[in-house]
Amino acid sequence: MGSACAKVILFGEHAVVYGEPGIAVPVPQLRISAEFSTDGYTQYRHDMRIISDRIGLNSSYSELDPNQPIRRLLDLLKTEFGLRELPHKILTIHSDIPPEAGLGSGAASSIAIIRTFSEETGKALSAQRVSELAFEIEKIYHGTPSGIDNLVIATGQPVFYRKGHGGELLTLKQPLPLIIANSGINSPTREVVGDIRANFSAHELTIREIGKLAAAAKTVLLENDLPRIADLMNENQRLLERLSASCEKLNHLIEAARKAGASGAKLTGAGRGGNLIALYRNEADRARIKAALTEAGATIYV
Ligand code: MEV
C-alpha cells in the first residue's frame with residue numbers, strides 16, 4: 001500500500017508557472033491510497049487491472065489509451081523499477097481528494113502509485129526521484145506545470161519553490177489555522193493555465209507582482225506572523241482576480257469567509273472554481289467561518 005497527501009498553494013499560483021516563487025503546504029488530512037491485490041482476480045491474469053474511484057476507472061492496463069496518465073505512469077514505473085512485466089494484480093486507487101479542485105489530486109494519485117510500486121518491489125526511491133516521476137505525468141494532466149504540486153506532495157513538507165531553481169523545504173513553527181472549502185465548481189488546471197498563458201502579455205505585470213508577494217510571504221511565514229500572512233493572502237487574492245483566475249462564486253465565498261471573521265482568504269490552485277483557503281484567529285471564528293461558508297454554498301474539507 002502507498003499513499004500521498006493533498007496540498008494547498010498558499011501564495012503564488014499561476015505566477016509559479018513563469019519562474020516566480022510559489023509557496024505550498026501539504027494537507028495530511030486528505031489522502032489518496034493505492035494498493036495491489038489479487039482477490040477474485042481470475043479474468044485477466046495476464047494483465048494488470050486498475051480501479052480508481054477518483055476518475056471512475058475500471059480497466060485492464062492493455063485496454064487503456066497509451067496516453068492515459070495512469071498508463072503512462074505504469075510504463076515509466078516498469079522501466080524505473082526494472083520490471084519485465086507489470087504485476088498481474090489489481091491496483092486499486094482510493095481517493096479522499098476531489099479531482100479538478102486545486103488540491104493536487106493528480107500528483108497525489110501518481111505518488112501513491114509510485115509508493116505502491118516501491119513497496120511491491122522493495123526498491124525505495126528518494127523524494128526527489130518520486131517528484132521527478134510524478135512531474136512527467138503532471139505534464140499530461142496540466143500541459144505546462146510548474147512542478148510545485150509534485151514536490152510538496154513527494155516531500156510532505158511546506159516548500160518555497162521556483163521553477164528551474166528547485167525547492168527549499170520550510171519548517172513552520174506551527175500548522176497554519178486554515179479552513180479549506182470547496183466551491184463545488186470543477187475547474188481543470190490545464191484550461192485555466194492555458195487561458196492565462198494565451199493572454200500572457202496582458203497579465204505579465206500582475207504575474208511579476210504575485211512573484212514579489214510570494215517572496216515576501218516566505219519571511220512572514222517563517223516568523224509565523226499571522227496578521228501579515230492574512231494581509232498577503234488578501235493581496236494575493238486581489239491579484240488573482242486581476243489575473244482572471246477567480247470567479248463569482250469564489251469571490252462570494254471569500255467575502256462570506258471574511259465577513260464571518262477570516263483574517264485572510266483566497267482561492268488556492270488554478271482557480272475559476274475548486275477550493276479556497278481561509279485563515280482564522282480563534283476557535284469561535286473558525287466555527288463562524290465554517291457556518292458562513294456552508295450557508296454560502298461551499299463544502300468544508302478541512
Ligand atoms: C496548480 O496547483 C497551481 C498552478 O500554479 C499550476 C502549476 O503550478 O503548475 C495554477
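Helix H8 (residues 248-259) lies across strands S9 and S10, running at about 155° to S9. Helices (H or I, at least four residues) and strands (E, at least two) are DSSP runs, numbered from the N terminus. Axes are lines fitted to C-alpha atoms, for helices over the stretch in contact, and angles run from 0 to 180 degrees between N-to-C directions. Helix H9 (residues 283-295) also packs on the sheet, where it touches strand S8 (178-182), S10 and S11, and its direction makes about 10° with that of S8. Contact here means heavy atoms within 4.5 Å.

This is a predicted model, in which local features need pLDDT of at least 70 and side-chain atom pairs count only at pLDDT 80 or more, while totals for chains, interfaces and linings use all residues. Residues are numbered from 1 along each chain as its sequence is written, and side-chain values use heavy atoms, with hydrogens and water left out.

The sheet is open and has four strands in the order S9-S10-S8-S11, with antiparallel pairing. Its edge strands, S9 (264-268) and S11 (299-300), each pair on one side only; two strands pair if DSSP finds at least two bridges between them. S9 and S10 (residues 275-279) run antiparallel and are joined by five bridges. Leu267 has Leu276 in S10 as its bridge partner.

Elsewhere, the axes of helix H1 (residues 69-80) and helix H3 (residues 127-142) come within 9 Å and cross at roughly 150°. That makes H1 roughly antiparallel to H3, a term for angles over 145 degrees.

How values were computed: Parallel < 35°, antiparallel > 145°, perpendicular 65-115°, else oblique.
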